Amino acid sequence: MSRFRQTRREVPGLNMAAMPDLIFTVLFFFMIVTHMREVKPMVRYAVPQGTELEKTRKSSIVYLFIGKPVNEQGELVGDEPRIQVNDRYVTLEQLGSEIAAERAKMSDDDRQHMVISIRADRDTEMGVINDVKQELRKAGALNINYSATKKGKK
């Protein structure tokens, strides 16, 4: 019988030279793929509170703000509620055509899952919101959600 010697080999250290290249590659990938969409509200609104809330997915959402108009500094410039679709004011009569224009910009899959997110001021009269809902119904936008905060949060 022969004897076997036990030799201890050291594990070589991990080569970290390519790590910065990998990190920057992943960073650039996410910068290119991520779609940032920021809608600046041009109306003042305080979101109402609710108890039964659920989150929606971000794709194919058209934001509709209803509230009193403000200027660039955030000061009120009128008392009548205004309607804002994404980044522009619209009248109630123009709402259907604006929703159709937003739908035309979307892909086929996003069109099927298009959601109108109404962010109305808590002091907005229900008659205005009902008129908006009627115009959305005429435009074929039937998937509507209302933004709110959980009760107890501000």
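**Entry 1: helix α2**

I began with helix α2 and found that its buried residues pack against β3, β4, β5, β6 (115-120) and α4 (126-138). Contact here means heavy atoms within 4.5 Å. Buried means under 20% relative accessible area, exposed over 50% and partly exposed in between, with a 1.4 Å probe and protein chains only. Helices (H or I, at least four residues) and strands (E, at least two) are DSSP runs, numbered from the N terminus.

I noted that this is a predicted model, where local features need pLDDT of at least 70, side-chain atom pairs count only at pLDDT 80 or more, and totals for chains, interfaces and linings use all residues. Residues are numbered from 1 along each chain as its sequence is written, and side-chain values use heavy atoms, with hydrogens and water left out.

Which residues of α2 (residues 95-105) are buried? I listed Leu95, Gly96, Glu98, Ile99 and Glu102. They lie on the same side of α2, because they cover an arc of only 165° around the axis. The arc is that of the directions from the helix axis to the C-beta atoms. I wrote the general rule beside this: an α-helix has 3.6 residues a turn, so residues three or four places apart point the same way.

**Entry 2: helix α4**

I turned to α4, which has 13 residues. From its first C-alpha to its last it reaches 18 Å, close to the 18 Å expected at 1.5 Å a residue. The expected span is 1.5 Å times one less than the number of residues. In α4 I found Ile129, Val132, Glu135 and Leu136 buried. Seen down the axis, the buried residues of α4 fall within an arc of 120°, so they line one face of the helix. They pack against β3, β4, α2, β6 and β7 (144-146). After α4 comes Gly140, with a positive phi near 85°.

I looked up how the strands pair; two strands pair if DSSP finds at least two bridges between them. β3 (residues 61-69) and β4 (residues 82-85) are antiparallel, with 4 bridges. In this pair Ile66 stands opposite Ile83 of β4. β4 also pairs with β5 (residues 88-90), again in the antiparallel sense, over 3 bridges. There Gln84 stands opposite Tyr89 of β5. The hairpin of β4 and β5 has 2 residues between the strands, and Asn86 takes a positive phi near 50° in this hairpin.

**Entry 3: two loop residues**

I checked Val70, which sits in the loop between β3 and β4. Is Val70 buried or exposed? Its relative accessibility is 14%, so Val70 counts as buried. Leaving out residues up to four places away in sequence, Val70 touches Met42, Val43, Arg44, Glu75, Leu76, Val77 and Tyr89. The C-alpha atoms of Val70 and Pro41 are 8.9 Å apart, with 29 residues separating the two along the chain.

I then found Thr124 in the loop between β6 and α4. Thr124 also counts as buried, because its relative accessibility is 14%.

**Entry 4: the whole protein**

I counted 4 helices and 8 strands. From the N terminus on, the order is α-β-β-β-β-β-α-α-β-α-β-β. Of the 154 residues, 25% are buried. Among contacts between residues at least 6 apart in sequence, 68% join residues at least 24 apart.
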